[in-house]
Structure formats: structure tokens, C-alpha cells
Amino acid sequence: MTTPDHSDPAPTDGPPRVDVLGVRVSCLTLDSAVEEVTDWVGRGEHKYVCVTGVHGVMECQRDPQLLRIHNGSGLTTPDGMPMVWSARWAGQREVSRVYGPDLMLAILARAVERGWSSFFYGGGPATAELLADRLTTLFPGLQVAGTSTPPFRPLTPQEDANIVQVINDSGAQLVWVGLSTPKQERWMAEHVGRLRANALFGVGAAFDLHAGTVPQAPRWMQRSGLEWTYRLSREPRRLWRRYLRNNPAFVLNVLARPPRLAQTTPGSSDTVGSGITPGVPQ
């Protein structure tokens, strides 16, 4: 097994990135994301994918370690339309939304073609098993290496070592992580150096959406940047603080610090520090 590496992830090569309040968002499309991951598997690399929107960007403003995790990813995809608009504002035109649930389906279609196997880690009770069942129906020939639903508490060191061994013994090339932000991003950054899988994906709500336990917003709402209103209407008690706190703050801060093409030099202002504008309420 690879020796654990608990240092902060370093920025990696890949598509150009746009600095959105310090978070380096990858400039890509769904198709180019699939090709990038295909290259990782082909080269035997080990990387993780953050799927981020306004919520993830604003969480990074409050947590420098989470910011470093996003900026040390193999890809940080533009999950929400505000990320796409930010990239285009910075002059990057070849960018489209790379939505976690869509990315999952596109990568799994490629996995069937290439014979890659997947491990599903996360979700609520029985969600990972239900997800795997539905996906194998959707994708005949899909190889499922295993599933695991962790308890809603921190794992003990022994429990954590056990799940690492289970995933490694499964032979999975892909690990799908459904723990929600920021927990899933921390888990991927902590485990990418311990797992033999080539790609880890923090896809959060995709577990529930593809398992059929939570409905998706209509496509027109997704394309217009209004998906958050749909989700808020479905889960107001859980999400109202997130959206009413994050969305106005994001707009105010982006107006004060417009998106720009990210620097690639490790240790630059694009890889550390906060994008929060002083004086803007958080």
C-alpha cells in the first residue's frame, strides 16, 4: 500500500483554471472532463475531482485548508452556472457546466467501455447499494467493486484503515464519494495517497439523485442557474441558511474581485488565502 501522505495537495497540471474568489475552477466541458479522467487511468495516476458551485466556493472563503484541497485537485469542475459565467467573464469561452450527476453518468459510460470498476462510498443507509443496483441496470456490464456507507460520526483510525483496505482489495479504478461538501473533499484529499484507485469523485447529491431517493430539478432550471430555488423549495429547513447566506455574499464578492485566469505557480495567491472582500457580511 502507498505510504499515507497527509501534506496539503499541490496544484496539478490539467486544463486552464479561472480564479473565482481564490478557488481555481477548471475550464472544461463534460466531454473534456471525461477525456481528462481517461488519461489519468491510462497513465496510472491518482487524483481526485471536486465538483463545486457557489456553496463550495463560499465554504472555501471560511476555511483555508478546504481552499487548498480544491486547488490541489486533479479537476475542480464548474458544477453550477455561476462558475460557468465566472469562467466566461474571465475570457474562457470553452466552458460548460460539469454537473456532478451528469459527470457520474458520463464517466460510468466510459467505464463500461474500458472495463473499469467502481466503488461507491457514502450516502444514507442503503443508498449506495440502491445506487449501484440502479446504475447496473442503466449501464449493463458496469463493474461494481463494492459499496460502503460510513456512520454519521468520525471513523476511528482502525475503521478508517479497514475501509482503505476494503477499497484497495476491491481493485476499483474509480471511487465515488457521496458525503456532501466539505466532508467529501476532505476525505478525498486525505485518502488519495492511500488508495490505489486512479480517480476519486466527490459527487454528493448524485448518490440520492441517481438512487431515486431525491428528485432532480428540471433541466431548464439547471441551465438557467435556478436549480438552487428548486432545491430550496424541496428542503427549506435544511438549505435556507446556505442559500440566503452564500448567494448574496458570492455576488457581492465577485463584483469586488472579478474572476481572472489563475496563476499556476505553487504558493501564489491563487492557491492559498481567502477571496473574501473585507467589509462584506458573511
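## Aromatic pairs, cores and a helix crossing

Trp-176 is buried, at a relative accessible area of 0%. The model is a predicted one.

**Around Trp-176**

Neighbours within four places in sequence are left aside here. Trp-176 then touches Leu-103, Met-104, Ile-107 and Leu-108, among others. Its contacts also include Ser-118, Phe-119, Phe-120 and Tyr-121. Phe-201, Val-203 and Phe-207 belong to the list as well.

Which members of the largest nonpolar core touch the most other members? They are Met-104, Phe-120, Leu-174, Trp-176 and Phe-201, out of 31 residues in that core. A second, separate core has 21 residues, including Leu-21, Met-58, Leu-66 and Ala-87. In soluble globular proteins, nonpolar side chains tend to be buried together.

**Aromatic pairs**

The structure has three aromatic pairs.

| Pair | Centre to centre | Angle between planes | Class |
|---|---|---|---|
| Tyr-121 and Trp-187 | 4.6 Å | 25° | stacked |
| Trp-176 and Phe-201 | 4.1 Å | 15° | stacked |

Trp-176 sits in strand β7 (residues 174-178) and Phe-201 in strand β8 (residues 199-202), so their pair ties together parts that are 25 residues apart in sequence. Phe-201 counts as buried, at 0% relative accessibility.

The pair of Tyr-121 and Trp-187 links distant parts of the chain, 66 residues apart. Tyr-121 belongs to strand β5 (residues 117-122), and Trp-187 to helix α8 (residues 183-191). Are these two residues buried or exposed? Both Tyr-121 and Trp-187 are buried.

**Ile-163 and Tyr-121**

Ile-163 is buried, with a relative accessible area of 8%. Setting aside neighbours within four places in sequence, Ile-163 contacts Phe-119, Tyr-121, Ser-148 and Leu-155. Between Ile-163 and Tyr-121 the sequence separation is 42 residues, and the C-alpha to C-alpha distance is 9.4 Å.

**Helix α3 against helix α8**

Helix α8, which carries Trp-187, also packs on helix α3 (residues 64-71). Two packed helices are described by the angle between their axes and the distance between the axes. For α3 and α8, the angle is about 65° and the axes are 10 Å apart. Their crossing is left-handed.

Which residues make the contact? From α3 come Gln-65, Leu-66, Ile-69 and His-70. From α8 come Glu-185, Arg-186 and Ala-189. By class, this contact has three nonpolar, two polar and two charged residues. Leu-66 of α3 is also one of the residues of the second core.

**Backbone features**

The loop between β7 and α8 holds Ser-180 and Pro-182. Ser-180 is not a glycine, yet its phi is positive, near 75°. At 40% relative accessibility, Ser-180 counts as partly exposed. The peptide bond from Thr-181 to Pro-182 is cis, with omega near 5°.

Leu-21 likewise has a positive phi as a residue other than glycine, here near 55°. Leu-21 is in the loop between β1 (17-20) and β2 (23-26). Why does Leu-21 count as buried? Its relative accessible area is 1%, and the cut-off for buried is under 20%. Leu-21 is included in the second core.

Gly-212 is in the loop between α9 and α10 (219-223). With 47% relative accessibility, Gly-212 counts as partly exposed. Gly-212 and Arg-134 are 78 residues apart in sequence and 8.6 Å apart in space, C-alpha to C-alpha.

**The chain overall**

The protein chain has twelve helices and nine strands. Of its 282 residues, 52% count as buried. How much of the contact total comes from residues 24 or more positions apart? They account for 76% of the contacts with a separation of 6 or more.

How values were computed
Residues are numbered from 1 along each chain as its sequence is written. This is a predicted model: local features need pLDDT of at least 70, side-chain atom pairs count only at pLDDT 80 or more; totals for chains, interfaces and linings use all residues. Side-chain values use heavy atoms; hydrogens and water are left out. Rings of Phe, Tyr and Trp (its six-membered ring) pair if their centres lie within 6.5 Å; planes under 30 degrees apart count as stacked, over 60 as edge-to-face and the rest as tilted. Helices (H or I, at least four residues) and strands (E, at least two) are DSSP runs, numbered from the N terminus. Buried means under 20% relative accessible area, exposed over 50%, partly exposed in between (1.4 Å probe, protein chains only). A nonpolar core is a set of buried Ala, Val, Leu, Ile, Met, Phe, Trp, Tyr and Cys residues joined through side-chain atoms within 4.5 Å. Contact means heavy atoms within 4.5 Å. Axes are lines fitted to C-alpha atoms, for helices over the stretch in contact, and angles run from 0 to 180 degrees between N-to-C directions. A crossing is left-handed if the near helix is turned anticlockwise from the far one by less than a right angle, and right-handed if clockwise. Ala, Val, Leu, Ile, Met, Phe, Trp, Tyr, Cys and Pro count as nonpolar, Asp, Glu, Lys and Arg as charged, and the others, Gly among them, as polar.
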